Amino acid sequence: MQIELEHLGKTYDGQDWAVRDLSLRIPSGSIFGLIGPNGAGKSTALRMVATVMDPSTGKIVYDGQTAGEGQALRTTDLRRRIGFLGDGNPLYKHMTPAEYLRFFGQCFRLPAAKLEPAIEQVLVTFDLTGKADAPAGQLSKGMRQRLLIARCLLHEPSLLILDEPADGLDPRGRNDLRRVLGRVREQGVTVIISSHILRELDDLCDQVAIMQRGQLVVGGQVAEIIDRYEVSRFVYELRFVDGAERARQVLARHRALIEREGESDGLPCLSIQVQGGEGMMAEILADLVGAGVKVVTVSRLRSRLEDVYDRLSEDRVN
Amino acid sequence: MHHRLRELHAACLPFVTRALRGSMRRRATLASALLVVGVLLMGAFIGRASTNTAQDLRVSLGLETNRWEREQREFTIFARDERERAARERELEPREGTEPRRSMTRERVVDAWVLLDTVSGPHVTPPRSYQELQRRARALRDARPDLAPDDLEVRRSYAHFSWNDSDDLQRLRAIVEAQLRPHVVIYTSPLDVAMTIRLIGAMAGGLFLLLLTVIAPLWVGVQLAQELHENTLQPLTGTALTARQLVLGLVAGPLSPVAIVAAPLLGLVLLAAGLAGRMLPALGMLAMGSAMAAMLVALAMLGALAVGRQRAPGIVGIALLGLLGTAAIAGIAVGLNLSVDLLGTVSVLPGAGPVHLASEAFVPRTHLSGARAQELDLRLVIATIGAVVLAALAMRALERRVGGTHGEGALRSSEAGLAALVLAILAVAAVPSRADFGPLFFVATALALVPLQLVLMGRVPGGDAPPSLRHIPVGRLLAEHASWLGLVLLVAFMAAGLPERVGPGAVFGVVHLGWAVMVTALVTLRATARPTSIPLKLWLMVCLGFVMIEYVSGAVWCLESPSGAMLFPMAAAHPMLGFVHVGMFVWIPISLLRGLAGPRAGG
């Protein structure tokens, strides 16, 4: 399902805007990441896309069709094509995963003949077969999260909306989540996922949008965004045998910023940000060698989404 | 129609499946079977058993006269079994040449002889129709001088007999007919099979009404409170069910186990009513009970929606049980003993009407006739229709609350007006029909004022905005509230008539009453529309205290013309308190209006 947000806005009091003038185009079958700090308006935007909240301004177009304004709860046909996992989704603790899925399958009005096979299918897909008859209250947090996502996919939606799905998950749970989303992508489902932990998203998403204070800061394909914001940012990793003090003096002279100090493969290592591009780095390298620093490798670090986000945040603050 | 049924099925299926999953259905069925067996056994035991316990139960339920009274009246001695009967019979046999032994049987015979002696006295003159009976009693006494007790003179001084007392006469006749030899019979229940069936019907009906008007609303309310408290309702709003279907499902799910338990009881009620030939009142009971249950379920859900997020489901359950239980107990007490003065209460006590109809169907107790019976029937019909209308309106409000489409209030203006009209009619119908303009008029108005606050709550804008950011159109809501009260007064005047004379003090009365009504509405708005802290809640309670003082003052000023010192009644206690009263009169509305002013103060 392709989604288009056109000048979407939400205000609760007519003065302050939780989301303002948000315009996005999310291609069908892609994984779209919505990034921003807490209070940026991600959840509000997702709730509007999920049709559980009415926008104050603008509209949302689903595969070329616009949801009726002020009719969020009458869009049941559209609802059947959406799986939405809001934030803080609790389970019924006394229900087993199979019962829980059956309940939601019926709420999505799946026919009885289709429901039981669908339950079997998602239990297998989400590795919950072994716990199908255990009360949900006894499941681990990762399993519960898988069950919640399974619930969203039970009725085979063409749009899956996940609001902070990795919140509170341990590293293993996060890996499970990535694996699951990979499978979902293979089925051609459009996924919109929000997070304030950027490492979860930058190699998973095809496209991202960064929001701050209810507004879109930047949006597009991950690689394009990184390239766009990397032009004036040169970060290198420098490994050397000895001469750490001398290296610092040379770097200070060239006003290079040491971002991180550590070890790499048993050798001292510095991550430095230089002002002036590749030419400046060549000069610094020559001076380091001249100063007796035994440099082993110099490699440029490609920016990550997190760096772009930090940079944008700094710009906003400044 | 088919489409609607399909939609209803789609709404109920997930919730009913959830409610009856696993062993739930089995448990409900087992409970149902146990209840039916219990009712049948208990009914049969009370109706037919001859044990002391069964007899005590019959006596306490008013189904049988006390054993001693019955033995006296019928000149009979009840034995538990054949052995005891034979022993008593032996005691009655004369023994040649020996002094008679003292025994209970002998005492009964001596008591009977003393009664004959009492009515046979030379100065006793019975009415003409009983002179033959007196002659026979005298002859019988004279025939058995051996039964005269030693303390006859003492007994004579305590003896009492009235020719106008039917019990005394029945006893005398029984003694005379039995020729001073009491019947000794083995005790059996006086209730026949038909009465036992009625008794079973009454018990099944009582339990059915209990399930309908207490358990069903309680269970639905608690389940909804749990959904809210655990935030499990939110994901449901994103499914393919509409808000209306969600509400129907939230009702149908918790009700399904209750329905399984209630269904056989309903069968018993109908069967017993059919056998007893009392189908009409039984059907009336079912119709009225169902209407009341629908209203109570909807109100319990609204209550759960209002507090379920902040309060634990257990607390909500205890509160609901307290309210529903109190209403049920009051309903049973009134419904079983409806008198002329109380018949209006069937319009405001949800349990009173159905209990009265259940009693009419199986064990009639109330004897209203003619115009009074018609008045009662009218009120029963009004209460039933009112409950259906209020239930429908409450369901609309629920639908909007659950769906988050209550930005303009959970009730539309016209719906609120209709609710106010129904409440006005119910409140006025609760007042005895003999009442004219007087204190009861003000009681009825106060009676309507309380539920009108619920209607006002339904008009407060909601939606997805936080309460502190909502725009509250205070002026418009106060005007609507005033118009509803006008409707109440209109209905009340139509029913009770206009006051015959209006004194000059009535102007002050109207001012007091107006203040009380306005502040009541402001307190409701303040408590509903904006966040409240504990100090604020205390302040609102103080405000309500002054509302009561002002309301009573207003009523007094309208009905009488008290002295000027009563303009602010607290001044009568102490001048300083009078100043406090005046200060509060001014400050309370101002403080409430300030509290309601939001980001953009409405008016």
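**Notes on the model**

1. Starting with chain B: its secondary structure comes to 22 helices and two strands. Bear in mind throughout that this is a predicted model.

2. On overall shape, chain B has a radius of gyration of 33 Å, whereas a compact globule of 603 residues would have one near 25 Å. Its C-alpha trace spans about 110 × 70 × 40 Å along the principal axes. Of the 603 residues in chain B, 40% count as buried. As for contacts in chain B with a separation of 6 or more, 81% of them are between residues 24 or more positions apart.

3. Chain A has ten helices and 14 strands. It has 318 residues, and buried ones make up 42% of them. If you take the contacts in chain A with a separation of 6 or more, residues 24 or more positions apart account for 71%.

4. Now the place where the chains touch. Here 26 residues of chain B are in contact with 25 residues of chain A. On the chain B side, the elements that give two or more residues are helix H1 (2-19) and helix H11 (233-236). H1(B) gives the most to that side, with five residues. By class, the chain B side divides into twelve nonpolar, ten polar and four charged residues.

5. One helix pair worth a look in chain B is H20 (residues 506-529) with H22 (residues 575-596): their axes come within 9 Å and cross at roughly 30°. Angles under 35 degrees count as roughly parallel, so H20(B) is roughly parallel to H22(B). The crossing is left-handed. H20(B) brings B:Trp515, B:Met518, B:Val519, B:Leu522, B:Val523, B:Leu525, B:Arg526 and B:Ala529 to the contact, and H22(B) answers with B:Phe585, B:Ile588, B:Pro589, B:Leu592, B:Leu593, B:Gly595 and B:Leu596. By class that is 13 nonpolar residues, one polar and one charged.

6. A second pair in chain B is H16 (residues 370-403) and H17 (residues 413-430), which pack at about 155° with their axes 10 Å apart. With angles over 145 degrees counted as roughly antiparallel, that makes H16(B) roughly antiparallel to H17(B). H16(B) passes H17(B) in a left-handed crossing. From H16(B), the residues in the contact are B:Arg379, B:Ile382, B:Ala383, B:Gly386, B:Val389, B:Leu390, B:Leu393 and B:Arg396; they meet B:Glu415, B:Leu418, B:Ala419, B:Val422, B:Ile425, B:Leu426 and B:Ala429 of H17(B). The tally by class is eleven nonpolar, one polar and three charged residues.

7. Last, a single residue. Where does B:Glu64 sit? Its place is in the loop between helix H3 (52-60) and helix H4 (67-74) of chain B. Leaving aside neighbours within four places in sequence, B:Glu64 is in contact with B:Gln55, B:Arg58, B:Val59 and B:Pro190.

Key
Residues are numbered from 1 along each chain as its sequence is written. Chains are lettered from A and ligands numbered from 1 in the order in which they are written. This is a predicted model: local features need pLDDT of at least 70, side-chain atom pairs count only at pLDDT 80 or more; totals for chains, interfaces and linings use all residues. Helices (H or I, at least four residues) and strands (E, at least two) are DSSP runs, numbered from the N terminus. The radius of gyration is taken over C-alpha atoms; the globule rule is 2.2 Å times the number of residues to the power 0.38. A residue is buried if 20 or more other C-beta atoms lie within 10 Å of its own, exposed if 12 or fewer, and partly exposed in between; C-beta atoms are placed from the backbone. Two residues are in contact if their C-beta atoms, placed from the backbone, lie within 7 Å. Axes are lines fitted to C-alpha atoms, for helices over the stretch in contact, and angles run from 0 to 180 degrees between N-to-C directions. Angles under 35 degrees count as roughly parallel, over 145 as roughly antiparallel, 65 to 115 as roughly perpendicular and the rest as oblique. A crossing is left-handed if the near helix is turned anticlockwise from the far one by less than a right angle, and right-handed if clockwise. Ala, Val, Leu, Ile, Met, Phe, Trp, Tyr, Cys and Pro count as nonpolar, Asp, Glu, Lys and Arg as charged, and the others, Gly among them, as polar.
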